[in-house]
Amino acid sequence: MQILLVDDEPELTSPLSRALNQEGYSVDIADNGKIGGQMASQGNYDLLILDWMLPYKTGLEICQELRLRHDYTPVLFLTAKDTVDDRVTGLDAGADDYLVKPFELRELLARVRALLRRPQNMETSTTEQHLQVADLELDIENQVAYRGGQIINLSEKECKLLAYFMTHPGQLLTHQQIYEYLWGEGEKPSSNVLAAQVRLLRRKIEVNGELPLIYTVYRKGYRFGEI
């Protein structure tokens with residue numbers, strides 16, 4: 001497995017690359033966003049580990065540029081930013097997971113293993129390619145939704161989450177059920193990632209005064225549909 005590590009702190013990249021090598025991964029390192037972005041776009045990597053704040057170009061910008069080119073190589077952000085808004089921003093840029101500095105090495109290695117286990121193509125639990133609940137329609141094949149006469153472009157993860165909601169209308173879907181569906185069994189993404197992902201999806205499908213469709217069930221999960 002080929003991993004690209006982009007971080008400008010040698011006191012972090014040196015021990016981290018050694019630890020990843022010991023786990024059997026091949027690691028390339030870049031210490032600024034300009035070089036890191038070039039390597040990410042030209043290399044055939046299985047995973048990108050990006051610091052958020054980098055010289056010349058941020059990890060966020062690198063991730064956004066890759067997603068615009070339809071490059072869905074898994075991205076793990078390393079950052080000191082830890083608010084839900086920061087997580088939403090990272091997920092909106094196309095990140096797959098988020099780890100806050102300082103972190104335990106074993107946690108990072110667990111997240112690397114989890115990301116590398118994930119299939120890179122979106123799979124849903126339904127063979128239907130077109131779903132509708134209330135006035136919201138989802139075209140899974142083309143990764144877009146429609147509501148209020150507007151086209152809503154979705155990321156792969158947003159499309160998968162919305163499809164899961166729409167195939168279980170009115171049901172309480174627990175946090176654990178959604179985690180396992182979106183990320184598979186094993187290590188879960190860092191805390192608040194699911195909440196940030198749902199918040200991001202809400203921003204897209206519940207605008208212009210439309211009735212809410214995603215309801216939070218306190219400490220349990222979410223329910224989708226009209227109430």
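Predicted model: local features only at pLDDT ≥ 70, side-chain atom pairs only at ≥ 80, totals over all residues.
Colleague: Okay, what about helix 6 and helix 8? At what angle do they pack?

Modeller: Helix 6 and helix 8 pack at about 85 degrees, with 10 Å between their axes. Angles of 65 to 115 degrees count as roughly perpendicular, so that is how helix 6 and helix 8 lie to each other.

Colleague: Which residues make the contact there?

Modeller: From helix 6 you have K157, E158, L161, L162 and F165. From helix 8 come Q197, V198, L200, L201, K204 and I205. By class, that contact has seven nonpolar, one polar and three charged residues.

Colleague: Changing topic: where is I152?

Modeller: I152 sits in strand 9, which covers residues 150–153.

Colleague: Buried or exposed?

Modeller: I152 has a relative accessible area of 10%, so it counts as buried. Leaving aside residues up to four places away in sequence, I152 touches Q143, V144, A145, R147, K204 and I205.

Colleague: How far apart are I152 and K57?

Modeller: They are 95 residues apart in sequence and 28 Å apart in space, going from C-alpha to C-alpha.

Colleague: Let's look at helix 4. Which of its residues are buried?

Modeller: Helix 4 spans residues 84–92, and its buried residues are D86, R87, V88, G90 and L91. Those buried residues pack against helix 3 (59–68), strand 4 (75–79), strand 5 (97–100) and helix 8 (193–205).

Colleague: What follows helix 4?

Modeller: G94 does, with a positive phi near 110 degrees.

Colleague: What about Y56, what is its phi?

Modeller: Y56 has a positive phi of about 75 degrees, although it is not a glycine. You'll find Y56 in the loop between strand 3 (47–51) and helix 3. It is exposed, at 71% relative accessible area.

Colleague: And R219?

Modeller: R219 is not a glycine, yet its phi is positive, at about 65 degrees. It lies in the loop between strand 11 (214–217) and strand 12 (221–224). R219 counts as exposed, at 71% relative accessibility.

Colleague: Is the peptide bond from K101 to P102 cis or trans?

Modeller: That bond is cis, with omega near -10 degrees. P102 belongs to the loop between strand 5 and helix 5 (105–117).

Colleague: Last one: what is the mean pLDDT of the chain?

Modeller: The mean is 85, and 92% of the residues reach 70 or more.

Colleague: Where does pLDDT stay under 50?

Modeller: Over residues 121–127. For that stretch the model has 15 contacts beyond four places in sequence.

Definitions and conventions:
Residues numbered from 1 in each chain as written. Heavy atoms only, no water. Buried < 20%, exposed > 50% of the residue type's maximum accessible area, 1.4 Å probe, protein only. Helix = DSSP H or I, 4+ residues; strand = E, 2+ residues; numbered from the N terminus. Contact = heavy atoms within 4.5 Å. pLDDT = per-residue confidence, 0-100. Axes fitted to C-alpha atoms, helices over the stretch in contact; angles between N-to-C directions. Parallel < 35°, antiparallel > 145°, perpendicular 65-115°, else oblique. Nonpolar A, V, L, I, M, F, W, Y, C, P; charged D, E, K, R; others polar.
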